[in-house]
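My plan is to look things up one at a time and jot down what turns up.

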Amino acid sequence: MLLTVLMPVFDSGKYLEKSVSSILNQTFSDFEFLIINDGSTDNSRKMCDLYSDLENVRVIHKVNGGLGS
C-alpha cells in the first residue's frame with residue numbers, strides 16, 4: 001500500500017454511500033481505505049460494515065471520543 005485514505009465517521013449515514021463510492025471509484029487503486037466509526041448513533045455502523053469485506057477497506061468501530069482518541 002502506498003497511500004492510506006482515512007475517513008472519520010460520526011452520525012453521517014445519509015452521506016456515507018456517496019462518500020465511500022467517491023473514494024472507491026478513483027482510478028488510483030494502490031491504497032488502503034480506513035473508515036473509523038466514532039460511536040455513531042444512526043445507521044452509520046451498519047453502512048460501514050457493508051464495505052468491510054472489500055479487499056482494500058478496513059472498518060474500525062470505537063466508542064465516541066473524537067478522532068484523536
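**Ground rules.** Before the helix entry I need some terms: helices (H or I, at least four residues) and strands (E, at least two) are DSSP runs, numbered from the N terminus. I also need the expected span of a helix, which is 1.5 Å times one less than its number of residues. I'm working with a predicted model, where local features need pLDDT of at least 70, side-chain atom pairs count only at pLDDT 80 or more, and totals for chains, interfaces and linings use all residues. Residues are numbered from 1 along each chain as its sequence is written, and side-chain values use heavy atoms, with hydrogens and water left out.

**Entry: helix H1.** I looked up H1 and found twelve residues, 13–24. From first C-alpha to last, H1 reaches 17 Å, close to the 16 Å expected at 1.5 Å a residue.

Which residues of H1 are buried? I got Gly13, Leu16 and Val20; for me, buried means under 20% relative accessible area, exposed over 50%, and partly exposed in between (1.4 Å probe, protein chains only). These three sit on the same side of H1, because they cover an arc of only 10° around the axis. That arc is taken from the directions from the helix axis to the C-beta atoms.

What do the buried residues of H1 pack against? My list reads E1, strand E2 (31–38) and helix H2 (44–49). I count a contact when heavy atoms are within 4.5 Å. On the face turned away from the buried side of H1, I found the exposed residues Lys14 and Lys18.

**Entry: Ser44.** I went to helix H2 next, where Ser44 is found. Buried or exposed? Ser44 is buried, with a relative accessible area of 0%. Skipping residues up to four places away in sequence, Ser44 touches Val9, Asp11, Ser12, Gly13, Leu16 and Asn37. I also checked Phe10: Ser44 and Phe10 are 34 residues apart in sequence, but 7.3 Å apart in space, C-alpha to C-alpha.

**Entry: Asp11.** Asp11 is in the loop between E1 and H1 and counts as partly exposed at 30% relative accessibility. I noted its positive phi of about 45°, although Asp11 is not a glycine.

**Entry: strand E1.** I checked two residues here. Leu3 is in strand E1 (residues 3–9) and is partly exposed, at 41% relative accessible area.

Leaving out neighbours within four places in sequence, I see Thr4 in contact with Glu32 and Leu34. Thr4 and Glu32 are 28 residues apart in sequence, yet 4.7 Å apart in space, C-alpha to C-alpha.

**Entry: salt bridges.** How many salt bridges does a search of the whole structure find? I got two, taking a salt bridge as a side-chain nitrogen of Lys or Arg within 4 Å of a carboxyl oxygen of Asp or Glu. Side chains of opposite charge can pair when their charged atoms come close.

Arg58 pairs with Glu32, the closest N and O atoms being 3.3 Å apart. Arg58 lies in strand E3 (residues 57–62) and Glu32 in strand E2, so this pair ties together parts 26 residues apart in sequence. Arg58 is partly exposed at 44%, whereas Glu32 is buried at 19%.

Lys62 pairs with Asp38, with the closest N and O atoms 2.9 Å apart. Lys62 lies in strand E3 and Asp38 in strand E2, so this pair ties together parts that are 24 residues apart in sequence. Lys62 counts as partly exposed at 21%, and Asp38 as buried at 9%.
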